[in-house]
Amino acid sequence: MAAVSDFQKKKLLHLFNTFFDCNKNGTIERKDFDMALERVASLRQVSQGSGKYREVEESLNYVWEHLKKVADRDNDGNVSQQEWLKMWEEAITSQQEPQWVKRYQDFLFEVEDVSGDGKVDEKEFVAAYTQFGIGQDECRGAFKKLTNGTGGEISKADFEKRFREFILSNEPSAPGNYLLGKSTF
Ligand SMILES: [Ca+2]
Ligand SMILES: [Ca+2]
């Protein structure tokens with residue numbers, strides 16, 4: 001059995017295309033992180049040069065440097081879809097999460113939790129993901145599945161648990177599949 005199923009691949013490519021390849025040129029490179037920084041700064045109304053801005057910039061730099069180190073096998077300065085899937089396949093097989101993943105989770109959760117109460121509600125979820133180009137209805141559908149229709153909120157612990165499901169689960173009914181705003185795969 002392949003280490004990564006087609007279902008997992010679809011999810012991993014959603015993460016690649018929607019959240020990492022911001023300029024939509026088919027690969028992940030430095031420029032995508034510059035775009036992500038601007039996008040987040042505008043969503044959170046963080047002004048350039050502020051402490052908060054530097055904090056987000058530092059997180060994104062960390063993620064890019066570590067992602068590049070582990071995934072850019074041919075050293076051409078960008079991470080192709082093939083390199084991305086290869087990295088995940090190895091991570092899943094060895095049960096070793098790449099070093100940048102935790103930092104990225106922290107970053108994404110903080111981007112979503114605009115009110116800063118340690119929980120993400122539907123409004124915050126939709127606001128963040130529409131910024132990444134996902135339609136509102138799609139986001140709402142995903143949130144419903146993610147919270148099992150309870151209309152609840154996502155705590156940081158839930159977020160981390162669901163993130164693991166997003167990466168690992170082969171069960172279409174697992175709520176974590178819908179953590180990143182897509183309601184069907
Ligand atoms: Ca790109
Ligand atoms: Ca490469």
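Predicted model: local features only at pLDDT ≥ 70, side-chain atom pairs only at ≥ 80, totals over all residues.

Trainee: How many cavities of 30 Å³ or more does the structure hold, and how much space lies in the largest cavity?

Mentor: A cut-off of 30 Å³ leaves one cavity to look at. The space in the largest cavity comes to about 50 Å³.

Trainee: Which helix gives the largest share of the lining of that cavity?

Mentor: Start with the lining itself: Phe 19, Phe 20, Asp 32, Phe 33, Ala 36, Leu 60, Tyr 104 and Phe 107. Helices H1 (6-20), H2 (30-43) and H5 (100-112) each supply at least two of the lining residues. With three residues, the largest share comes from H2.

Trainee: Now the packing: are H6 and H7 parallel, perpendicular or oblique to each other?

Mentor: Helix H6 (residues 122-131) packs on helix H7 (residues 136-146) with the axes 9 Å apart and an angle of about 135°. Angles over 145 degrees count as roughly antiparallel and 65 to 115 as roughly perpendicular.

Trainee: Which residues of H7 does H6 meet?

Mentor: On the H6 side, the contact uses Glu 122, Phe 125, Val 126, Tyr 129 and Thr 130. By class, the contact of H6 with H7 has seven nonpolar, two polar and two charged residues. The H7 residues are Gln 136, Cys 139, Arg 140, Ala 142, Phe 143 and Leu 146.

Trainee: What is the handedness of the crossing of H1 and H4?

Mentor: H1 and helix H4 (residues 81-94) have axes 11 Å apart, at an angle of about 130°. Residues of H1 in this contact include Leu 12, Phe 16 and Phe 20, and those of H4 include Trp 84 and Trp 88. The crossing is right-handed.

Trainee: How close do the axes of H1 and H8 come?

Mentor: Residues in this contact include Leu 12 and Leu 15 of H1, with Phe 166 and Ile 167 of H8 (residues 156-168). The axes cross at roughly 120°, which makes H1 oblique to H8. They come within 7 Å.

Conventions. Residues numbered from 1 in each chain as written. Chains lettered and ligands numbered in written order. Heavy atoms only, no water. 1 Å grid on protein atoms, 1.4 Å probe; cavity = no way out; pocket = protein on both sides within 12 Å on 5 of 7 lines; lining within 4 Å. Points joined across faces, edges and corners; volume = space filled by probe spheres on them. Helix = DSSP H or I, 4+ residues; strand = E, 2+ residues; numbered from the N terminus. Axes fitted to C-alpha atoms, helices over the stretch in contact; angles between N-to-C directions. Contact = heavy atoms within 4.5 Å. Nonpolar A, V, L, I, M, F, W, Y, C, P; charged D, E, K, R; others polar. Parallel < 35°, antiparallel > 145°, perpendicular 65-115°, else oblique. Left-handed = near helix turned anticlockwise from the far one by under 90°.
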